[in-house]
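I opened this entry to look up the aromatic contacts of the chain. My notes follow the display.

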Amino acid sequence: MEPSHLLIVSSCCPPNPKSRLYSHIEEHMPDTKIIPFDRRHWSEVEGLDHIQTLAFREDAEAVKVAVEGSFFATCSFSAAVEFLEVEFSLRIIPNSLRVRYQPSEDTMMIDVSAIISLEILQNLRASKSKDSLFGILKHTRTPMGSRVLRSNLLQPSTLKDSYLEPRYDALDELLSNHEMFLGVREALKSIPDIESVLTQLVIIPNKPSVEASERAINHVLMVKTFLDAVPFLYQTLEPATSPLLIKIRDLCRPGLTETVKNLIYQDIIEDVTYVKSALDLRNQRTFAVKSGVNGLLDVARQAYKENTNDVHSHVEELSKEYGIEADLRYDTSRKYWIRLRAVDFEDRQIPPVLVNQTRKGPHIECLTMRLKKLNQRITDSVAEVVMLSDKVIQDLIDSVRTQLQPLYRVCDSIALLDMIASFAHASSIHDWKRPEISETLALKSARHPILDKSSRSPFVPNDYYATEEYRFHVVTGCNMSGKTTYIRSIALLQIMAQVGCFVPVEFASFPVVHNIFARVTTDDHIETNMSTFSLEMREMAFILSNVTDRSIVIIDELGRGTSTRDGLAISIAMAEALIQSRSLVWFATHFTELGNGTPTPNWWVSPRTDIKPADILADRPEVLNLHLVTQVSTTADDVPKMTMLYKVESGKNKELLYGISLAKAMGFPKRFLEVAEQVAVSLRQKRERNKQGSEARKMLNRRKLILNLHGQLRQASDSELDEDSLRSYLIRLREEFILRMEAIENGGSGEEIGGSEARPDDEDGMFDDDDVFDAVDFESLSSS
């Protein structure tokens, strides 16, 4: 998602007319440099030749078979290699490049708008904040693990048996075996970013230089440090029993990297290692190659050692001669320099031998002419050591290049282990639970993963339920009641489950989803001259063209960027299309007509105040009405007070006059409020008089009750209840079904059902969705 350069065929770039892809990249990836590249470099034949020439010999044929028929992928690979050679003059060692073809068929597609609006990688308000999904999951110890985590969040897996379940098992084992978990985290701390180093090793420097030779020595030291750390990780995973951890352990076995380790130990001293301190790293580079390999190298190292001792002796002499506390420091630009306390010179002059004086806070930084000369001598000695070591280092790198394939395999396994250990760390500190993968989406006491961590007050958990029978959820509620948070949570939790992480719930069951779409932003896009409504329509057009029955779609207040009439009409049309797609939808809206009823077909031609609900969506069996509860009370001064409970309940919104209540709290004129309330009550009464006939409502209620029973029976069939428990559950289910059906036939005069009274809906006497949400038996699901 954040490449430094992005190549596009030059015919699609200015001064030619911009292609749609070019404009899309400009809009969504403003920090990426777009490079027009001539069409002749996008060649399938050249791409296959590059694979044959650059890929590992063992992998070349397999990769060519994998990309067969993937014309665009092969052409893009050709263009990328040509660009490196033409623009950066980089030469890659033959048969030394790891080339992999990763298709998108087995991963979830998340569109760019959803990645941004759901804050998967970056917080919308503060880009440097860790309050994003990536931020709360990123407890990795290596850059490799961080990259794998980021890649998985952008393309979660859709393979249950080969990816998700093994990751859950490995995560379970790390959480249950605390000693192994701490050992893995400790072992990962000492592993450098070897993946980047191996990539650098296959590139031949353009010009020999001291800097290039120093980088080469650094790379060898990092490979050595990596190889020394792998056996400790292998020992830490010794007690592992889960298949994935066993596989990772086997890839870390000493025998797999023994050849490379022996090659390095032939020429490199065993005690040297890669360090981050500039001075320590210079020392490690200077004495990396074993003594006796080159006589001149040994002489140069002796000179370096003597000059370094002279520096320390010089500083000690300064301290004695002038009675100062000279602190010797080092950095890569000034080399050795001296730091003094400024307070020591408040009543006396700084000795004239100290030159290049700079005051920084409570300290004085300076040099002496003698120290400058010694620094130059040491620099010359280091350059000579590096150049004399270069022949040995280059021969060693050539040998290591022949063994890169097993090193890459170890890197991949360690990166995956780092990501899983990061999940374990996050799951332990936030008390997340293991999800189940099934055909039913059922979450109990689910929490928004980002807000649960960043919110100052305790987060209010909510339940989610979706099956074949209830796939479209209309979420209503007043402003600031938590609708957006509620619908965003389900998308984020689904992504967490499909990357193999535990989730913040008491119980969770997820289906495998192949697409996630989100339309939750309301910002104008000035750069492309697009209003909020234009953006809504473009994004909804994209969603409707790509949505499938394996998709999750979250829509937040669609149509509020235009007039109320047009917005409601478009929302109804979009809702109908999404219902027909059979996708799982959470549709947050202020248009209560979506759930309570829709207007007559010609209402937008001549708008009327007596809208007649036709109950198009309310009559659809797939639709489940939800609302966020708001408590309205009155203060001692007779001023209305609204309290957001952030709790989701099933059923239609009670249509409390939230707007008028808020207007009262804001001190609007009394006469104004009286008229508004009279009009609102009058409109509601007219709608009530136009309800459907009782027989039609009974038929609808019977159908919904039967569909609800079907869902509960499927749930029981998929569970692993023992015979007695299942019999008891089915008997209770039958009794409740009979009582509810009698309540419908009696027009709403119900009896006690399962501890709650079976009664008609408060408004229209129908069996509503209120009981559907509560009827989900999480206990039976959790036992499966």
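**Aromatic pairs**

I worked on a predicted model, in which local features need pLDDT of at least 70, side-chain atom pairs count only at pLDDT 80 or more, and totals for chains, interfaces and linings use all residues. Residues are numbered from 1 along each chain as its sequence is written, and side-chain values use heavy atoms, with hydrogens and water left out.

I looked up F71 and found it partly exposed, at a relative accessible area of 36% (buried is under 20%, exposed over 50%, partly exposed in between, with a 1.4 Å probe and protein chains only). F72 counts as exposed, at 69% relative accessibility.

I then listed ring pairs of Phe, Tyr and Trp (its six-membered ring), which require centres within 6.5 Å; planes under 30 degrees apart are stacked, over 60 edge-to-face and the rest tilted. The count comes to eleven aromatic pairs. F71 and F72 are an edge-to-face pair, because their ring centres are 5.5 Å apart and their planes stand at 75 degrees.

I noted Y464 and W586 next: their centres lie 6.4 Å apart with planes at 65 degrees, so this pair is also edge-to-face. Y464 belongs to strand β12 (residues 462-466) and W586 to strand β17 (residues 584-588), so the pair ties together parts 122 residues apart in sequence. Strands here are DSSP runs (E, at least two residues), numbered from the N terminus. Y464 is buried at 1% relative accessibility, and W586 is buried at 0%.

I recorded one aromatic cluster formed by F37, F83 and F88.

**Charge over a ring**

I found the charged end of R334 over the ring of W337, 4.1 Å from its centre (the rule asks for NZ of Lys or CZ of Arg within 6 Å of the ring centre and within 35 degrees of the ring normal).

Note on methods
Helices (H or I, at least four residues) and strands (E, at least two) are DSSP runs, numbered from the N terminus.
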